[in-house]
Amino acid sequence: MAVVIRLARHGAKKHPYYHIVVTDSRNARDSGCILERIGSYDPMVAKDSATRVVLDADKVKAWMAKGARPSDRVYKFLANAGLVAAKAHPVQTKKNQPSEKTKKKLEDRAAKLAKAKEAEEAAKAAAAAPVEAPVEAPVETPVEAAAVAAPETPVETPAAE
């Protein structure tokens, strides 16, 4: 018989509450065949609350001395309580990394956001810059343009004979 320390789910739908129990590893998670209840875990409480994880340290030490093995989650609770040494984090596989397609989408989105931010900053800079009135060239009328193009020549009038 392999004895384990694990979580047994209780509580209502969408409001879980777990008992930390000692049981045979072959039993179902929530079966009534537990050897002892040694604590509780309420995931709905704030992480810094003292009532989130409640353990009976003496019972935990006694069962660990008898050879009970904690589940991964319970082991983390015990390590946080200082009852066991913290494990080194396991090497993560590539399954926890985004796929190449997702990486490409994220890069494209970041580039698009950067371009939009640059355009917005340029618009703000243009709005904040002092506006200089454009210097307009004097507008010439067609008559003046013709006068400039052809210099005035004296007009000869025929003499009366």
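Which residues in α2 are buried? They are Val74, Tyr75, Phe77 and Leu78, where buried means under 20% relative accessible area, exposed over 50% and partly exposed in between, with a 1.4 Å probe and protein chains only. This is a predicted model, in which local features need pLDDT of at least 70, side-chain atom pairs count only at pLDDT 80 or more, and totals for chains, interfaces and linings use all residues. Residues are numbered from 1 along each chain as its sequence is written, and side-chain values use heavy atoms, with hydrogens and water left out.

**Sheet**
- An open sheet of 5 strands has the order β4-β3-β2-β1-β5, with mixed pairing.
- β4 (53–55) and β5 (69–70) are the edge strands; each has a single partner strand, so one side of each lacks a neighbour in the sheet.
- Strands here are DSSP runs of E, at least two residues, and helices are runs of H or I, at least four, both numbered from the N terminus.
- Two strands count as paired if DSSP finds at least two bridges between them.

**Strand pairs**
- β2 (residues 15–24) and β3 (residues 34–41) run antiparallel and are joined by 6 bridges.
- His19 stands opposite Ser40 in β3, and Thr23 has Ile34 as its bridge partner in β3.
- β3 also pairs with β4, in the antiparallel sense, over 3 bridges.
- On that side, Ser40 has Val54 of β4 as its bridge partner.

**Helices on the sheet**
- Helix α1 (residues 57–65) lies across β1 (3–12), β2, β3, β4 and β5, and runs at about 135° to β3.
- Helix α2 (residues 72–81) packs on the sheet and touches β1, β2, β3, β4 and β5; its direction makes about 100° with that of β1.
- Angles run from 0 to 180 degrees between N-to-C directions, with axes fitted to C-alpha atoms, for helices over the stretch in contact.
- Contact means heavy atoms within 4.5 Å.

- Seen down the axis, the buried residues of α2 fall within an arc of 160°, so they line one face of the helix.
- That arc is taken from the directions from the helix axis to the C-beta atoms.
- The buried residues of α2 pack against β1, β2, β3, β4, α1 and β5.
- Asp72 and Asn80 are exposed, on the face of α2 turned away from its buried side.

**Positive phi**
- Lys14 sits in the loop between β1 and β2.
- Lys14 is not a glycine, yet its phi is positive, about 60°.
- Lys14 counts as exposed, at 72% relative accessibility.
- Gly82 follows α2 and has a positive phi near 85°.
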